[in-house]
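Please examine the sequence and the three-dimensional structure shown below.

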Amino acid sequence: MRIFLDTANIDEIKKGARLGIVSGVTTNPTLVSKEGLSDYKAVVKEICSIIPGPVSAEVVVEGTQAMLEQAREIATWAPNVVIKIPSTIDGLEVISALTRDNIKVNMTLCFSLNQALLGALAGAAYVSPFVGRLDDVGHDGMQLVKDIVEVFRYYHLKTEVLAASIRHPLHCVVAAKAGAHIATVPFKVLMQMMKHPLTDVGNARFLSDWQSVQQR
Ligand code: E4P
């Protein structure tokens, strides 16, 4: 399973790039507004220059024509930009049209297997089931990831499953075991994935024992 960062924070993205394991980034209008950023194009272009892999940028208009126009404009910003299109009926039409133009789409706000299946049939490169938001309303978000992976495998669909709305490291464990191709994680969760108290205790012990060796 590959790891994407789910953020519009440039420092986090630079740190993730240095770690060498972040192969893409997902942004959304909420993440951009959280950073107090206003020049969306400049932000997306900067992220695309830091991370050579897929960087998802979302359309922020309604209606097929407006979405198509904005998606085609965003697609010119960088060669590695991927267009996030919502899992709606208009969105489906837009995904089909963009796929015909060879523009990569990440179908976002996916909350059901049917949405994922239709997105894949329309040619989306990625579908993003929102795990945490399903958990929030009392559903099992990870079960949706498992179901989508199973059905895509069954029908040999090329669309990749991008587990999104990840809230904690256990989500990453279950997504990996379910066979999700990618998990997009907040920076905090990425840090938590690598942390283990026994590693910290063991490391501190090794360092202090080594110091006593030096003092002999
Ligand atoms: C994915 O592409 C979205 O940006 C993201 O995962 C949404 O997560 P949230 O439910 O924490 O806002």
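Predicted model: local features only at pLDDT ≥ 70, side-chain atom pairs only at ≥ 80, totals over all residues.

Residues are numbered from 1 along each chain as its sequence is written, and side-chain values use heavy atoms, with hydrogens and water left out.

We begin with the interior. A nonpolar core is a set of buried Ala, Val, Leu, Ile, Met, Phe, Trp, Tyr and Cys residues joined through side-chain atoms within 4.5 Å; buried means under 20% relative accessible area, exposed over 50%, and partly exposed in between, with a 1.4 Å probe and protein chains only. The largest nonpolar core has 60 residues, and those touching the most other members are Ile83, Ile85, Leu98, Val145, Ile148 and Val185. Helix H8 (residues 141-154) supplies the largest share of this core, 6 residues; helices (H or I, at least four residues) and strands (E, at least two) are DSSP runs, numbered from the N terminus. A second, separate core of 6 residues includes Phe4, Val82, Tyr126 and Ile182.

Helix H6 spans residues 113-122, and its buried residues are Ala116, Gly119, Ala120 and Ala122. Seen down the axis of H6, these residues fall within an arc of 160° (taken from the directions from the helix axis to the C-beta atoms), so they line one face of the helix. The face turned away from this buried side carries the exposed residues Asn114 and Leu121. The cover over the buried residues of H6 includes helix H5 (89-100), strand S5 (105-110), strand S6 (126-129) and H8.

A polar atom of the Lys84 side chain lies 2.8 Å from the backbone oxygen of Thr27.

Lys84 is also one of the residues that surround the ligand, including Asn28, Phe130 and Arg133, where a residue counts if one of its heavy atoms lies within 4 Å. An oxygen atom of the ligand is 2.7 Å from an N or O atom in the side chain of Asp6, and an oxygen atom of the ligand is 3.0 Å from such an atom in the side chain of Arg167. Taken alone, the ligand exposes 350 Å², of which the protein buries 86%, with areas from the Shrake-Rupley method and a 1.4 Å probe.

Key
Polar contact = N/O pair within 3.5 Å; in protein donor to acceptor, adjacent residues only side chain to side chain. Contact = heavy atoms within 4.5 Å.
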